[in-house]
Amino acid sequence: MANNETVIKGSKYDIIFKECMQRLTDKGVIAFINSMFEKDYSYDSKVSKFNNEVYLNGNKRVSDLYIGVDDRLFHIEVQSNKDKDMALRMFEYGILGAMQHGMTKNKVPVLQFPKPVVIYLRSNKNTPKTHEMGIILPDDNTYTFKIPAKRLHEYSAKDLLEQKLFPLIPFNSMKYSSELKSPMSVKKAENGILADIQYIIDSLPKTVEQGYISQQNAQDLEVKLMDLSKDEISSSKATNKEEVIQMIDDMDRTVMVRDIYLTMDAIEAKGEAKGETKAKVEIILNMSANNEKVSYISQITGVSEKKITEYQQKYADKITQLANKFKKGNEKAPEANKNTPKKSR
């Protein structure tokens, strides 16, 4: 059976969402669940993140995410577009997830279905707000299985932050997809994307201070936000794609410098400013892999150019690995991005 197994992989959006959820602090997960499902869990509630692989007919399927908070199970599914079989899929994922993570083994076993939600990343007024499916049980009673659907276009960038929906931040630009396809509205959409990016990167540091996400998580959200925004611009009707993408790259570089300074401040706050700490070395290696000049790396890190050169020679293999990783990421970018390479952090 193993040789015939078919792995049905999720889209890149599934993967990004899962990564963002997995990297949230427990406080951030609880805040997301409270907002998305209209709950009121305290921040000391127990959080569990479960394996999201399920099997149907011997084939591996990947649902998006099961999250446990205290004794309740939640299932979150992200969709880039409408799916006519969504209710059936959610039922399949729900029952298999319940068997894996929601079974209570008493004298009479109890199967607890996870509370579901579908989040549509590309949506409009015609995108459904709920999905339903009728289920006839052996006693001939009919039960209606209902799945609420959230539509990203109904959330502003401010809403995503205030409602603690941090894993949706990378997808913010996708709510402009309809406007980007129309020559009449594309300019307004571009301005909206740029304004949203600026608002989000200005607001995330406060969220880090509040403990909902880590500094690394914030940086990851910013990178994904800018990369997906450039993808949306690249496939738009805009006549100035390269110009807009360059503006996003410039914002990316500004954020990179800010994040480096935040890391340096954290080092000093821990009393580790003397000498080159591991964190400083990591910054040097990443900037070297990104082809930054030694003089600029020295200016940012406070490490002498001679010492930086020594690190570059000592860790040449690692710098090459990092550079290849950055290059691989750029090769995945759309055709329109070729003249405006992404800047990695």
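The model is predicted. The chain holds twelve helices and eleven strands. Of its 345 residues, 48% are buried.

**The chain as a whole**

- The protein chain exposes about 18200 Å². Carbon and sulfur atoms supply 49% of that area.
- Among contacts between residues at least 6 apart in sequence, 64% join residues at least 24 apart.

**The six-stranded sheet**

- Six strands form an open sheet. Their order is E2-E5-E6-E9-E11-E10, and the pairing is mixed.
- Strand E2 (47–50) and strand E10 (130–136) stand at the edges. Each has a single partner strand, so one side of each lacks a neighbour in the sheet.
- From one strand to the next, the twist averages 25 degrees.
- E2 and E5 pair in the antiparallel sense, over four bridges. Lys49 has Ile67 in E5 as its bridge partner.
- Strand E5 (residues 65–69) also pairs with strand E6 (residues 72–79). This pairing is antiparallel too, over five bridges.
- Leu65 stands opposite Ile76 in E6, and Val69 stands opposite Arg72 in E6.

- Helix H1 (residues 12–23) lies across E2, E5 and E6. H1 runs at about 145 degrees to E6.
- Helix H3 (residues 86–101) lies across E2, E5, E6, strand E9 (115–120), E10 and strand E11 (142–151). H3 also runs at about 145 degrees to E6.
- H3 has 16 residues and spans 21 Å from its first C-alpha to its last. That is close to the 22 Å expected at 1.5 Å a residue.
- An α-helix has 3.6 residues a turn, so residues three or four places apart point the same way.
- The buried residues of H3 include Met86, Met90, Tyr93, Gly97 and Ala98.

**Nonpolar cores**

- The largest nonpolar core has 60 residues. Phe32, Ile33, Ile76, Leu168, Ile169 and Phe171 have the most contacts inside it.
- Helix H6 (residues 186–209) gives the most to this core, with nine residues.
- Which residues does Leu168 touch, not counting those up to four places away in sequence? They are Phe17, Phe32, Met36, Ile119, Leu152 and Leu160.
- A second, separate core has 14 residues, including Leu285, Met287, Ile297 and Ile319.

- Ala157 lies in helix H4 (residues 157–162).
- Is Ala157 buried or exposed? Its relative accessible area is 5%; buried means under 20%, so Ala157 is buried.
- Ala157 is in contact with Asn172, Lys175, Asp196, Tyr199 and Ile200, leaving aside neighbours within four places in sequence.
- Ala157 and Gly192 are 35 residues apart in sequence. In space, they are 9.8 Å apart, C-alpha to C-alpha.

**Positive phi angles**

- Most residues other than glycine have a negative phi.
- Asp70 has a positive phi of about 55 degrees, although it is not a glycine. Asp70 is found in the loop between E5 and E6. That hairpin has two residues between its strands.
- Asp70 counts as partly exposed, at 42% relative accessibility.
- Asn291 is not a glycine either, and its phi is positive, about 65 degrees. Asn291 sits in the loop between helix H9 (278–289) and H10.
- Asn291 counts as exposed, with 68% relative accessibility.
- Gly302 follows H10. The phi of Gly302 is positive, near 80 degrees.

Notes
Residues are numbered from 1 along each chain as its sequence is written. This is a predicted model: local features need pLDDT of at least 70, side-chain atom pairs count only at pLDDT 80 or more; totals for chains, interfaces and linings use all residues. Side-chain values use heavy atoms; hydrogens and water are left out. Two strands pair if DSSP finds at least two bridges between them. Axes are lines fitted to C-alpha atoms, for helices over the stretch in contact, and angles run from 0 to 180 degrees between N-to-C directions. Contact means heavy atoms within 4.5 Å. Buried means under 20% relative accessible area, exposed over 50%, partly exposed in between (1.4 Å probe, protein chains only). Accessible areas come from the Shrake-Rupley method with a 1.4 Å probe; for residues, only the protein chains shown count as cover. The expected span of a helix is 1.5 Å times one less than its number of residues. A nonpolar core is a set of buried Ala, Val, Leu, Ile, Met, Phe, Trp, Tyr and Cys residues joined through side-chain atoms within 4.5 Å.
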